[in-house]
Amino acid sequence: MSGARISEGTGAINVATGVPVLDHLLTELARAGGFDLTLEIEPDDPEAEVDAAGTALGRAVGPRLAEAALGEATVPADEALAMVVVERSERPLVASNADLTGAGGLGSDLAARFLQRLAEEAGLTIHVRLMEGTDTGHVLAAIFKALGVALARAGAR
């Protein structure tokens, strides 16, 4: 069964999405945000697993956010620098200047797919700004770490 749980940070992180790069990125997200994360996804094709992970995390995050909650973070990962701003909103959407098509071995933009599902399930407006970075792994790490910090600042611990 697919699902996610988040709680105050004691360092417990257990992520199994079926997409190794996403497992790593979600671990980075939880560490940067300082919260525990348990997220398990039933096996499927990679795009479906990414969608399910975004949906599951959104269902865990949404109830923890107050109406109109805001969070922002600018975070580096080696040469990459990303800013993520989240707002609890009646109009969930993702606005991003980063196109990471092909990252993690997927034919689609892994980050965009994940963020879109997260936004829809949690009722978030998510803005992602890639300020610097050419290495795809570092760019993804910066985005997910910034997302973790932004969610923590919005009160999703």
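Asp-78 lies in the loop between β4 and β5 (80-88), where helices (H or I, at least four residues) and strands (E, at least two) are DSSP runs numbered from the N terminus. The phi of Asp-78 is near 55°, a positive value in a residue other than glycine. At 64% relative accessibility, Asp-78 counts as exposed; the term exposed stands for over 50% relative accessible area, buried for under 20%, and partly exposed for values in between (1.4 Å probe, protein chains only). A positive phi, of about 65°, is also found in Ala-68, although Ala-68 is not a glycine. Ala-68 is placed in the loop between α2 and β4 and, with 46% relative accessibility, counts as partly exposed.

The structure is a predicted model, in which local features need pLDDT of at least 70 and side-chain atom pairs count only at pLDDT 80 or more, while totals for chains, interfaces and linings use all residues. Residues are numbered from 1 along each chain as its sequence is written, and side-chain values use heavy atoms, with hydrogens and water left out. The mean pLDDT (the predictor's confidence in each residue, from 0 to 100) of the protein is 90, and 93% of its residues reach 70 or more. Confidence is highest in strand β4 (residues 70-77), at 98, and lowest in β1, at a mean of 77. Where pLDDT is low, the predicted coordinates should not be read in detail.

The protein has 4 helices and 7 strands, and along the sequence these follow the pattern β-β-α-β-α-β-β-β-α-β-α. Its radius of gyration, taken over C-alpha atoms, is 14 Å, close to the 15 Å that the globule rule gives for 157 residues, so the protein is as compact as a globular protein of that length. The globule rule is 2.2 Å times the number of residues to the power 0.38. Of the 157 residues, 49% count as buried. Among contacts (heavy atoms within 4.5 Å) with a separation of 6 or more, 77% are between residues 24 or more positions apart.

Helix α2 (residues 46-61) has 16 residues, which at 1.5 Å a residue should span 22 Å, and its end C-alpha atoms are 22 Å apart, in agreement. The expected span is 1.5 Å times one less than the number of residues. At the start of α2, a side-chain oxygen of Asp-45 reaches to within 3.2 Å of the backbone nitrogen of Glu-47. The buried residues of α2 include Val-50, Ala-53, Leu-57 and Val-61. Their cover includes β1 (3-8), α1 (20-33), β3 (35-40), α3 (110-122) and α4 (136-153).

Ala-56 belongs to helix α2 and counts as buried, at 8% relative accessibility. Not counting residues up to four places away in sequence, Ala-56 touches Gly-3, Ala-4 and Ile-41. Ala-56 and Leu-39 are 17 residues apart in sequence and 7.5 Å apart in space, C-alpha to C-alpha.

In α4, 14 of the 18 residues are buried, so this helix is largely enclosed by the rest of the structure. At 1.5 Å a residue, α4 should span 26 Å, which agrees with the 26 Å between its end C-alpha atoms. At its start, a side-chain oxygen of Asp-135 reaches to within 3.0 Å of the backbone nitrogen of Gly-137. Just after α4, Gly-155 takes a positive phi of about 100°.

Key: A polar contact is a pair of N or O atoms within 3.5 Å; within protein, one must be able to donate a hydrogen and the other to accept it, and residues adjacent in sequence count only if both atoms are side-chain atoms.
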